[in-house]
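Thanks for making the time, everyone. I would like to walk you through one model this morning, going from charged pairs to helix packing and then to a few individual residues. Please have the sequence and the structure open as I talk.

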Amino acid sequence: MADWNPALYLTFADERARPARDLLQQVPVKQPRLVYDLGCGPGNSTALIYRAFPEAEVIGVDASPAMLVEARAAQPQLEFIQADITDWRAPATADLIFSNAAFQWLPDHAGQMLRLLRQLRTGAALAVQMPDNMAEPSHRMMHETALYGSWASLLHNASEFRQALLSPGQYYEMLKPYCARLDIWRTTYMHAVNGIQGIVDLFSSTGLRPWLDPLNAAEKQAFLIDYTVRLAKHYPVQRDGKVLLAFPRLFIVAQR
């Protein structure tokens, strides 16, 4: 895929920060000295971690050059490094590995979580949040739209960029043998966005990227028009013009 668009991503900064704040509240390590924020994006989650643990060394990690430029400009007091999560290794001194909405993009994301958890010392923790919305109309309509129109042959493998999450029980069975404490929960956020277009805008910088990146400008426009029409069948507009977007997210906090 093409590089991320930080400005578009930050248009919905509050909606994206809410699960990060909720995840931070459940971190069992109370005074971490070294924290890594994997998939830090433009640094908004890294800043939340730093505010929660001002005495800690907090380091953001991301593979996107564009996101890291934004992160370093917004949070010059923090350190950011470019690395792919699948190649990154947790230092022995790490107290907390934090990740807000990044692991769902990784091949074998569950295996990557287990790999990193096993690298942590006793008492350290892995805290992960992942969108669990593949079954929602917002994402089912991406697949449905891809089946029609001149773009169908270009998008036959777009769904491979992100796999569905495992069940909570599967994560539990995989991680529990390495944990002194393991918390797993699922929360559905109801985001009041500006009409059907608000849903399109929110996912244009994330979930829609695999579907849009292979298309030229005209095809992208046609795809989004078709997608918008299909969304309207599933999301009624409220009296004030808002649309309530159900956004389920899965949380995992594993402490060695």
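Predicted model: local features only at pLDDT ≥ 70, side-chain atom pairs only at ≥ 80, totals over all residues.

Let me begin with a charged cluster: Arg33, Asp95 and Arg121 are linked in a network of salt bridges, a salt bridge being a side-chain nitrogen of Lys or Arg within 4 Å of a carboxyl oxygen of Asp or Glu. Residues are numbered from 1 along each chain as its sequence is written, and side-chain values use heavy atoms, with hydrogens and water left out.

As background, side chains of opposite charge can pair when their charged atoms come close. Searching the whole structure gives six salt bridges. One of them joins the side chains of Asp132 and Arg186, at 2.8 Å from N to O. That pair links distant parts of the chain, since Asp132 sits in the loop between β5 (125–131) and α6 (137–146), whereas Arg186 belongs to strand β6 (residues 181–194), 54 residues apart. Helices here are DSSP runs of H or I with at least four residues, strands are runs of E with at least two, and both are numbered from the N terminus. Arg186 has a relative accessible area of 47% and is therefore partly exposed; buried means under 20%, exposed means over 50%, and partly exposed lies in between, using a 1.4 Å probe and protein chains only.

A further salt bridge pairs Arg230 with Glu144, whose closest N and O atoms are 2.6 Å apart. Arg230 lies in helix α10 and Glu144 in helix α6, so this pair ties together parts that are 86 residues apart in sequence. The two partners fall in separate classes of accessibility, with Arg230 buried at 14% and Glu144 partly exposed at 28%. There is also a salt bridge between Asp183 and Arg181, with the closest N and O atoms 3.1 Å apart; here Asp183 is partly exposed at 24%, and Arg181 is partly exposed at 36%.

How do α6 and α10 cross? Their axes come within 9 Å and cross at roughly 130°, where axes are lines fitted to C-alpha atoms, for helices over the stretch in contact, and angles run from 0 to 180 degrees between N-to-C directions. The two helices are therefore oblique to each other, given that angles under 35 degrees count as roughly parallel, over 145 as roughly antiparallel, 65 to 115 as roughly perpendicular, and the rest as oblique. Among the residues that meet in this contact are Met141, Met142 and Glu144 from α6, and Phe223, Tyr227 and Arg230 from α10, contact meaning heavy atoms within 4.5 Å.

Helix α10 (residues 217–232) also packs against helix α8 (residues 195–204), at an angle of about 125° and with the axes 9 Å apart. On the α8 side, Ile196, Ile199, Val200 and Phe203 meet Leu224, Tyr227, Thr228, Leu231 and Ala232 of α10.

Next, consider helix α5 (residues 109–119), which is mostly covered, with eight of its 11 residues buried. The buried residues include His109, Met113, Leu116 and Leu117, and what covers the buried residues of α5 includes β1 (34–38), β4 (96–100), β5, α7 (168–175) and β7 (242–255).

The loop between β4 and α5 deserves a careful look at its backbone. Most residues other than glycine have a negative phi, and most peptide bonds are trans. Ala101, in that loop, has a positive phi near 60°. Asp108, also placed in the loop between β4 and α5, has a positive phi of about 50° although it is not a glycine.

Finally, is Thr46 buried or exposed? Thr46, found in helix α3 (residues 44–52), counts as buried at 0% relative accessibility. Leaving aside residues up to four places away in sequence, Thr46 touches Asp37, Cys40, Val58, Gly60, Leu78 and Phe80.
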